[in-house]
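Please open the structure in your viewer and follow the selections below in the order in which they are given.

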Amino acid sequence: MELRFLGQSCFELSDGRHNVLIDPFLSQNPKAAVGPDEVSPTTILLTHGHADHLGDTVDIAKRTGATTVAVVELAHELGEEGLDVRDPNLGGTVKFDWGWVKLTPAWHTAVSPKGTPHVAAGLLVNFGGTLIYHLGDTALFSDLALVAKRGDPVDVALVPIGGHYTMDRWDAITAAELVGAKTVIPCHYDTFPPIESDAQAFKADVEAATNSDVVVLAPGETHSVA
Ligand code: NI
Ligand code: MN
């Protein structure tokens with residue numbers, strides 16, 4: 001499978017047949033690799049409804065017919081806008097022909113731009129047998145290990161490092177230790193001044209402290225998972 005970073009927390013998973021898009025914040029992201037008209041997801045997954053995650057979901061889903069998965073209150077808001085939604089709460093799993101997604105806890109506030117309060121989530125995604133843990137926007141907390149180590153080993157962890165709105169790159173080292181993924185990819189940094197960070201320093205720190213490999217992707221770059 002191919003995992004493409006599109007900026008902020010947006011990742012695209014594809015195997016040539018299915019295309020899963022996470023947190024498509026594109027048109028308003030000064031660092032986005034592509035515009036909202038340049039993606040063709042079959043499924044959209046949302047960690048929460050802050051503008052830098054919900055982003056262009058409504059436009060993309062209406063154009064492509066993609067099914068959107070979000071925590072129940074946010075999913076219902078999007079359903080009222082005409083989207084095809086799945087509405088789990090934390091702990092819930094939604095199955096697709098490409099695999100499944102489970103909503104996991106994240107410590108972060110969340111209200112949609114339209115004012116719908118909800119809880120933020122992480123996403124544990126099984127895409128064709130590859131296990132990806134998108135931590136979402138979160139502070140450091142020890143149950144990252146509980147989520148990551150309950151089932152199969154996590155292949156790829158997508159970890160915020162920008163600080164201010166999420167954990168910073170030092171707390172993210174501990175998060176990487178708790179998750180124990182084969183590969184760690186940093187995200188949610190350098191998009192705006194408050195979340196500037198040093199991804200190469202994070203890579204050096206994590207690779208010194210853990211057995212994980214860190215892959216730093218610029219927006220638009222792809223990582224292939226065997
Ligand atoms: Ni947020
Ligand atoms: Mn955010």
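**A tour by selection**

The crossing of helices α5 and α6 is right-handed, a term that applies when the near helix is turned clockwise from the far one by less than a right angle. Select α5 (residues 169–179) and α6 (residues 199–209): their axes come within 10 Å and cross at roughly 35°. Axes are lines fitted to C-alpha atoms, for helices over the stretch in contact, and angles run from 0 to 180 degrees between N-to-C directions. Helices (H or I, at least four residues) and strands (E, at least two) are DSSP runs, numbered from the N terminus.

Next, display the side chains of Arg-169, Ala-172, Ile-173, Ala-176 and Glu-177 of α5 with Ala-201, Phe-202, Asp-205, Val-206 and Ala-209 of α6, which make the contact (heavy atoms within 4.5 Å). Seven of these residues are nonpolar, none is polar and three are charged; here Ala, Val, Leu, Ile, Met, Phe, Trp, Tyr, Cys and Pro count as nonpolar, Asp, Glu, Lys and Arg as charged, and the others, Gly among them, as polar.

A note on the model: it is predicted, local features need pLDDT of at least 70, side-chain atom pairs count only at pLDDT 80 or more, and totals for chains, interfaces and linings use all residues. Residues are numbered from 1 along each chain as its sequence is written, chains are lettered from A and ligands numbered from 1 in the order in which they are written, and side-chain values use heavy atoms, with hydrogens and water left out.

Now select ligand 2, the manganese ion. Which residues coordinate the manganese ion? Its donors (N, O and S atoms within 2.8 Å of the metal, or 3.2 Å for Na, K and Ca; water is not among the atoms, so sites may look incomplete) come from Asp-52 (OD), His-53 (NE2), Asp-137 (OD) and His-188 (NE2), at 2.1 to 2.2 Å. Asp-52 in helix α1 (residues 51–54) and Asp-137 in the loop between β10 (130–134) and α4 (143–148) are 85 residues apart. Asp-52 is buried at 15% relative accessible area (buried means under 20%, exposed over 50%, partly exposed in between, with a 1.4 Å probe and protein chains only), and Asp-137 is also buried, at 2%.

Finally, show the open sheet of seven strands, ordered β7-β8-β9-β10-β11-β12-β13 with mixed pairing (two strands pair if DSSP finds at least two bridges between them). Its edge strands are β7 (93–96) and β13 (213–214). Within the sheet, β11 (residues 156–160) and β12 (residues 183–187) run parallel, joined by five bridges.
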